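Dear colleague,

Please find below the structure that I am handing over to you.

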Amino acid sequence: MATPRATIERVPAGPAGPDGERRAVVRAARTVLAREGWRRCTAEATAAEAGVAPEAVGRHFPDHEQLLLGVLLDSSASVAACLTAVAESYLAETGDLREDLIGLGRAWLAPLEAFREHFAIVRHISAEVTTLPAGAVDKWQATGPRQARRALARRLEQVAGRGLLEITDADQAAERFILLVPSSVVQRSFHGALPLGRHEEDALIADGVDDFIRLYGPPASR
């Protein structure tokens, strides 16, 4: 299955020279964006983090806002690809629907730990949303959250086809699952900044799954 294409390459440290310098600038912009947010991630701050002269940033990325947008979209695409894999790994076969949905909900939270830098960026952007460049939020949502939701919708539709869920709008059902199950943990932990205890996470996930089944489970399960 195709996954969202990164806008700025995610690569390890490279050799010296123009390509290595460009990669260093991208990594630095990602680090500063996660630490300081959009407005304070200036070309000067990026250059200082990368250990290069300020003009080097402009040489590789004349439009610094486009660099930041590229970093954001690349990061979002990586998380979406991870969640797409989660959606495709769960519910292919269903034994106990409730337990399987609980497992899916917990797996959906894995990126909070695996992509800590990304969610630091999200926390900043959420606070700065009214000051972002026009179209940035929509591009971010399209590249990340909407891609992941569509993958989940496809899986839930397949489960419904087996008679285990009653769904007329799979995309809406996926959105409801995300809001009821993983988002309860995401919001309470401030996107992973203040991790919850396992017992609290388990309770939130189970409660959300029960609510989801009440909405979409077949009559016998409600």
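This is a predicted model: local features need pLDDT of at least 70, side-chain atom pairs count only at pLDDT 80 or more; totals for chains, interfaces and linings use all residues.

Overall architecture

The chain contains 12 helices and zero strands. Taken along the principal axes, its C-alpha atoms fill a box of roughly 65 × 35 × 30 Å.

Helix contacts

Two contacts involving α5 deserve a description. In general, a pair of packed helices is described by the angle between the two axes and the distance between them.

On the α4 side the contact is made by Leu83, Val86 and Ala87, and on the α5 side by Leu104, Ala107 and Trp108. By class, this contact has six nonpolar residues, with no polar and no charged ones.

The second contact joins α5 to helix α12 (residues 198-216), where the axes come within 9 Å and cross at roughly 125 degrees. The helices α5 and α12 are therefore oblique to each other. Here too the crossing is right-handed. From α5, Arg98, Leu101, Ile102, Gly105 and Arg106 take part; they meet residues of α12 including Arg198, Glu201, Asp202, Ile205 and Phe212. The residues of the contact between α5 and α12 divide into seven nonpolar, one polar and six charged.

The largest pocket has a volume of about 650 Å³. Its lining comprises 25 residues, and those nearest its centre are Phe119, Pro145, Ile178, Ser183 and His191. The elements that each give two or more residues to this lining are α4, α6 (111-114), α7 (116-128), α8 (136-143), α9 (145-161), α10 (170-180) and α11 (182-188). By class, the lining of the largest pocket has 16 nonpolar, seven polar and two charged residues.

The second largest pocket holds about 190 Å³ of space. Among the residues that line it are Arg106, Leu109, Glu113, Arg116, Val185, Pro195 and Glu201. Its lining divides into five nonpolar, two polar and four charged residues.

With kind regards

Key: Residues are numbered from 1 along each chain as its sequence is written. Side-chain values use heavy atoms; hydrogens and water are left out. Contact means heavy atoms within 4.5 Å. Helices (H or I, at least four residues) and strands (E, at least two) are DSSP runs, numbered from the N terminus. Ala, Val, Leu, Ile, Met, Phe, Trp, Tyr, Cys and Pro count as nonpolar, Asp, Glu, Lys and Arg as charged, and the others, Gly among them, as polar. On a 1 Å grid over the protein atoms alone, a cavity is a set of points where a 1.4 Å probe fits but cannot get out, and a pocket is an open set with protein on both sides within 12 Å along at least five of seven lines; lining residues have an atom within 4 Å of a point. Grid points are joined across faces, edges and corners, and a volume is the space filled by probe spheres set on the points. Axes are lines fitted to C-alpha atoms, for helices over the stretch in contact, and angles run from 0 to 180 degrees between N-to-C directions. Angles under 35 degrees count as roughly parallel, over 145 as roughly antiparallel, 65 to 115 as roughly perpendicular and the rest as oblique. A crossing is left-handed if the near helix is turned anticlockwise from the far one by less than a right angle, and right-handed if clockwise.
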